[in-house]
Amino acid sequence: MKRTGRPTIKDLAQRAGVSKTAVSFAFNAPERLSKETCEKILSIAQELGYVPDPMARGLARRKTQCIGILLPQSIAFVFQNPYITELIRGIGEACEKENFSILVLSPLEGIFTHAVYNAVVDGVIILGAASDSDVHTVCRQRGLPYVTIDAGFSNNCVNVGIDDEQAAYKLAQLLIEAGHKNICVCTLQPLSKTLETSGSSETIRNRCKGIQRAVDECATGDIIVEYHEVGTSYESSFSAARDLLSRNPAPTAVLCMADVQAYGFYRVIQERGLSIPQHLSIATFDNLPQSQLLHPKPSTVDQPGFQKGWRAAVELFSLLSSLQNQGEQEAQSVVLDFQILNTGSIAPPASHS
């Protein structure tokens, strides 16, 4: 039996006795046809098994009804961090209300900006890029509307985030005021920049500034802070915690830049028959839903991951609407509130208690 090819717009137009333009209107602008004509075309399309080619539709309309989410590292790596899930949940809720789909983009060949060159999307939400990243230039060269999350606040772009420097400052203060002199800071891993190099995110830089400011303000001046790059997966956090707590002297307090990093320290302390905060104080960022299962709950910067994602998508849709209406791009950066939740994982060092 001879196989027939997929029915085309020409086949449908001939069968319905209308032009190809009328077929296009039936799927993309039905209000431009009479109700009877539109229903006839759609009925015959169903009979023939005709489905519009989304790529062709996008090219014709110069719209894809899709936004990209540009990740700072590979998909397999990034999605080990549950905080990313919260961001994308927020983006997803906003997109569903606007009938937009999502395309997840990761660095191509290890290069952050390459993903933007090839993305067939109406706009992009970029996670974690620095304000001086080349990705801003690439988006502007393409004329691609974009919004960043946690890229720092400047006139360079529309950004959604919290005051990371102030949040880290307040979190570090909790540890210092409790009497800790030996503090370990778990920083985030750098972003993909080129095949040979990587770049620190604005988030990391600002948080480190806040921590150092808290240390500099300490009257005694005898605080030791060591910075260690730690991954954002359960396995990497456990491995790092096991190594850092085996040092002599071991830190009496840990400040993590992600909740998932703190989970490794909780596990090591439990395996050694010790307890938090009696033997180790922990402070962290995120306040993820999973963290509510720990005892005691980590003292944390409660930053709204879901809200960040949702608001970034709303701001991007505002930019898209402005472009469609040929108006001014009025969207502005958004500084979200944060809270410091001191929930019992911080106490004076064991020798001071």
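Predicted model: local features only at pLDDT ≥ 70, side-chain atom pairs only at ≥ 80, totals over all residues.

Q: How many helices and strands are in the chain?
A: The chain has 13 helices and 14 strands. Those are DSSP runs numbered from the N terminus: helices are H or I with at least four residues, strands are E with at least two.

Q: And what share of the residues is buried?
A: Of the 353 residues, 50% are buried. Buried means under 20% relative accessible area, exposed over 50%, partly exposed in between, using a 1.4 Å probe and protein chains only.

Q: OK, helix 13. What does it span?
A: Helix 13 covers residues 305-324 and reaches 29 Å from first C-alpha to last, close to the expected 28 Å. The expected span is 1.5 Å times one less than its number of residues.

Q: Which elements do its buried residues pack against?
A: Among them are strand 1 (66-70) and helix 6 (82-97). The buried residues of helix 13 include Phe317 and Leu320.

Q: New topic: where is isoleucine 276?
A: Isoleucine 276 lies in the loop between helix 12 (259-271) and strand 11 (281-285). It counts as buried because its relative accessibility is 10%.

Q: What is it in contact with, beyond neighbours within four places in sequence?
A: Isoleucine 276 is in contact (heavy atoms within 4.5 Å) with Tyr266, Ile269, Ile282, Pro296 and Ser345.

Notes
Residues numbered from 1 in each chain as written. Heavy atoms only, no water.
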